[in-house]
Amino acid sequence: MNDILETKQKSETIRKQEIGESLLSSEKSNYNKDKKLKKKNYIITGLSISTALLAISTIGFGIGFAVTDSQKMQYKSELENSYQSNFYSLVDSVNNLETKISKTLNSSTSNYQRKILLEASKNASEAEIAVASLPFSQNDIQETVKMVNQISGYTSTLADKLADGGSLTDEDKNTLDEIEQSILSLKTQLNEFAERINRGYSIVDASMNIDTDSNDFSRSLSSLKDNDVEYPTMIYDGPFSDSVTNSTVKGLSGDNITKAEAKANIEKYFKSGASAKFVSETNGKFKTYNFNVTNSSDNMLFVQVTKVGGHVLTISGAGDDGKATIDMEKAKNIAVDFAKQNGIENATVVWSDSVDNDVYLNIAPVIDNIVLYPDLVKVKVNLVTGNIVGYDATSYFTNHVDRSLSKGSLTFDEAKAKVPSKFTITSTRYVLSPLDYNREVVCIEVEGHEQNSTYYFYYNVTSGKLENVLKVIETDNGNLLM
């Protein structure tokens, strides 16, 4: 999917002159800051490589220091796990960055653009940290480090401009479009490389195969030094901000139950039959009894039951392969019935997708024709057996309370008129949308399609303002909303 909006193409010379003129003054004022960042990147990357060399040296010379083979393998495994964690963080940051740039280009409200640009700045900074934490050869990543820290600064600068009452010019949008094209090249190769890691590729082994000033790991990711990628000329201006707030559990009530009662609830909820064996307790945000459960198809599931109220909180497991015996509609009914038995009333399916033999369903309560997105429940149903093999009600039991909601004065027609004209609108509905700073706002959700892309626009029913945009992302493991 990931289509790029068509924009007027400029020659490289004209583009650099125009962008350079508009940003010249800021370029001068931030020159020293950029130099410091480059120095920092060299130091951090150098330390990462040195750490890798030290760890591998410990492995290689372990016998001389009385380190056992088992210990050597443990050191190597721990380092590999650390590198893979940093690599997947890089993949996530780049994927999110491309989505944020795309959302900015497809929205027309300054407040929303500013919010998304600040998030893009954060994603770019996270990508820079992840790059610096991997054993890349410095010569192979210099341009990429420069690109991501410039993107972080540029998006932050545009956000500040919008905060001061300005708007995105055609030149700003052209630059963002060029950024997106650069990020797409990097994103594609990183996602392809992730598949190699899933198939057993070792970052540790590749990083130790050094030839002159480079190593196999760096050379494997050629887009980090791809001369065909066009990097827009931008300034660096570091500040960005975000806000993360922790929610308390609001949706649980009732008496504490015993382990025996929790076990009985599981065996009651699984109508097709199941046997549960207690394994542990959790005393975090949710206090739960945890069980290994064998269902009627001999699938092993891990199930958590809340101590307060005795509700199934999560189910984790895998279903069977083979020929489907139920269809999508039957799977939806199974999911909604299970949720109802688990204390979730008036729920309906608001999103569905299928991957191989499993159907993934998002269900939410609907009150007065308003979908309560904060109370979302995720369910996975196996089409071969008809059994539930995945379930997550943490959002519901975190957020669910009795609410008094208003549909405001915005009409469906007025909301549809706010969507950019290039989109074909296919549906509208009232939703309670969770936003930043723990806000919940009733919105009209408008589904729009443009070429091969699907977007969801959320307009505040009271103010009419655009509160959020979600884009459907197609992946090998199904569709996601971001």
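Figure 1. Glu267 is partly exposed, with a relative accessible area of 30%. Here, buried means under 20% relative accessible area, exposed means over 50%, and partly exposed lies in between (1.4 Å probe, protein chains only). Lys263 is also partly exposed, at 31%. The two side chains meet in a salt bridge, 2.9 Å from N to O. A salt bridge is a side-chain nitrogen of Lys or Arg within 4 Å of a carboxyl oxygen of Asp or Glu. Helices are DSSP runs (H or I, at least four residues), numbered from the N terminus.

This is a predicted model: local features need pLDDT of at least 70, side-chain atom pairs count only at pLDDT 80 or more, and totals for chains, interfaces and linings use all residues. Residues are numbered from 1 along each chain as its sequence is written, and side-chain values use heavy atoms, leaving out hydrogens and water.

**Figure 2. Glu329 and Lys332 in helix 10.** Their side chains form a salt bridge, 3.6 Å from N to O. The residues are 3 apart in helix 10 (residues 328-341), about one turn of the helix. Glu329 is partly exposed, with a relative accessible area of 47%. Lys332 is partly exposed too, at 21%.

**Figure 3. A salt bridge between Lys187 and Glu98.** The closest N and O atoms are 3.1 Å apart. Lys187 sits in helix 6 (residues 170-198) and Glu98 in helix 3 (residues 69-105), so the pair ties together parts that are 89 residues apart in sequence. Both Lys187 and Glu98 are buried.

**Figure 4. A salt-bridge network of Asp375, Arg403 and Glu440.** Salt bridges link these three residues in a network. The structure holds 13 salt bridges.

**Figure 5. The largest nonpolar core, with 39 residues.** A nonpolar core is a set of buried Ala, Val, Leu, Ile, Met, Phe, Trp, Tyr and Cys residues joined through side-chain atoms within 4.5 Å. Phe87, Leu90, Leu176 and Phe217 touch the most other members. Helix 3, helix 4 (110-132), helix 5 (138-163), helix 6 and helix 7 (203-207) each supply at least two residues. Helix 3 gives the most, with 9 residues.

**Figure 6. Contacts of Leu90.** Leu90 touches Ala127, Ala130, Val131, Leu134 and Leu190, not counting residues up to four places away in sequence. Contact means heavy atoms within 4.5 Å.
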